[in-house]
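Student: I would like to learn how to read a structure like this one. Can we go through it feature by feature?

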Amino acid sequence: MPEPRSIDDLPYFAHLEAEESAPEEGERFDTALFQDVSFEGVHAGNLRFLESAFTGVGFDRAHLRRSRFNDVWIDNCRMNGADFAETTWLDAEFSRTVFGGTALFDSTLTRVGFFGCKLVGTNLRNAELRDVTFTNCVMQDVDFAEAVLTNVGFPGSRISSLHVDGMKADNVDLRAAAEVGIQSGYDSLAGVRITNIQLLQLAPALAQSLGLVLDD
């Protein structure tokens, strides 16, 4: 199971320079360090972050649509009610971060790791996830409807109320998840790998979704 990195493990750590103010529309940042600052309520889309780190940052109710995050490290941050729709994430790492009612629909996530994060009411509808891992995360009421997931794993994560209506999956692996609960979209589980025990746990809801009548 992969482990999260500390900030001094980053290859660009020695080049990070502290930024103390919230970004403005269209700004670009290279090797920036945002530490214990607030982006709360900020409206600033089309941002670009390259080899940057965020720790202790509050993104609550921030609107950062169509922004791009390349090779970023995000630790112990809050993203409650934040709007990250249509964003692009490449080689990104999230650790101990809370996503409460966060909008990530129509986003693209490639080679992204989530470690010990909490995702509640997170909207990933129509998103594209490739080579993404959710490790030891808590995931409640997460919406993957119409999303495309390729090489996605959930080791150690506790998943409940997952919405997968219209999801397209290729090598999505739930076998190492600590708990799995599907709220809707059982007919979109082709390409998802589960264990025999998980199948038995999901069987009653799966039967109901197919209109089967269980009569002993």
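Tutor: Start with a definition. A salt bridge is a side-chain nitrogen of Lys or Arg within 4 Å of a carboxyl oxygen of Asp or Glu. The general idea is that side chains of opposite charge can pair when their charged atoms come close. Keep in mind that this is a predicted model.

Student: How many salt bridges does a search of the whole structure find?

Tutor: The search finds 11 salt bridges. Take Arg65 and Glu86 as one of them. Their closest N and O atoms are 3.6 Å apart. This pair links distant parts of the chain, 21 residues apart. Arg65 sits in the loop between strand 4 (48-55) and strand 5 (68-75). Glu86 sits in the loop between strand 5 and strand 6 (88-95).

Student: Now a pair with Asp75. Which residue forms a salt bridge with Asp75?

Tutor: Arg96 does. The closest N and O atoms are 2.6 Å apart. Asp75 belongs to strand 5, while Arg96 is in the loop between strand 6 and strand 7. The two are 21 residues apart, and the pair links distant parts of the chain.

Student: How do Asp75 and Arg96 fall on the accessibility scale?

Tutor: Asp75 counts as buried because its relative accessibility is 7%. Arg96 has 48%, so it counts as partly exposed.

Student: Which residues do salt bridges with shared partners join into one network?

Tutor: Arg65, Arg66, Asp83 and Glu86.

Student: On to strands. How should I think about side chains there?

Tutor: In a regular strand the side chains alternate between the two faces of the sheet. Here the protein chain has 1 helix and 17 strands.

Student: How many bridges join strand 12 to strand 15?

Tutor: There are 5. Strand 12 covers residues 148-153 and strand 15 covers residues 168-173. The two run parallel. Look at Gly153: its bridge partner in strand 15 is Asp173. Strand 15 is also joined to strand 17 (residues 192-193), by 2 bridges, and these two run parallel. Val172 stands opposite Val192 in strand 17.

Student: Let us pick single residues. Where is Phe99, and is Phe99 buried or exposed?

Tutor: Phe99 is in strand 7 (residues 98-100). It counts as buried because its relative accessibility is 2%. Now list the contacts, leaving out residues up to four places away in sequence.

Tutor: From C-alpha to C-alpha, Phe99 and Gly166 are 23 Å apart in space. Along the sequence, they are 67 residues apart.

Student: Where is Gly116, and which residues does Gly116 touch?

Tutor: Gly116 is in the loop between strand 8 (108-115) and strand 9 (118-120). Gly116 is partly exposed, at a relative accessible area of 40%. Not counting residues up to four places away in sequence, Gly116 touches Arg96, Thr97, Thr135, Asn136 and Cys137.

Student: Last, the whole chain. What radius of gyration does the protein chain have?

Tutor: The protein chain has 18 Å. With 216 residues, a compact globule would have a radius of gyration near 17 Å, so the value agrees. The C-alpha atoms fill a box of roughly 65 × 30 × 25 Å along the principal axes. Of the 216 residues, 47% count as buried. The chain exposes about 10,300 Å², and carbon and sulfur atoms supply 45% of that area.

How values were computed:
Residues are numbered from 1 along each chain as its sequence is written. This is a predicted model: local features need pLDDT of at least 70, side-chain atom pairs count only at pLDDT 80 or more; totals for chains, interfaces and linings use all residues. Side-chain values use heavy atoms; hydrogens and water are left out. Two strands pair if DSSP finds at least two bridges between them. Helices (H or I, at least four residues) and strands (E, at least two) are DSSP runs, numbered from the N terminus. Buried means under 20% relative accessible area, exposed over 50%, partly exposed in between (1.4 Å probe, protein chains only). Contact means heavy atoms within 4.5 Å. The radius of gyration is taken over C-alpha atoms; the globule rule is 2.2 Å times the number of residues to the power 0.38. Accessible areas come from the Shrake-Rupley method with a 1.4 Å probe; for residues, only the protein chains shown count as cover.
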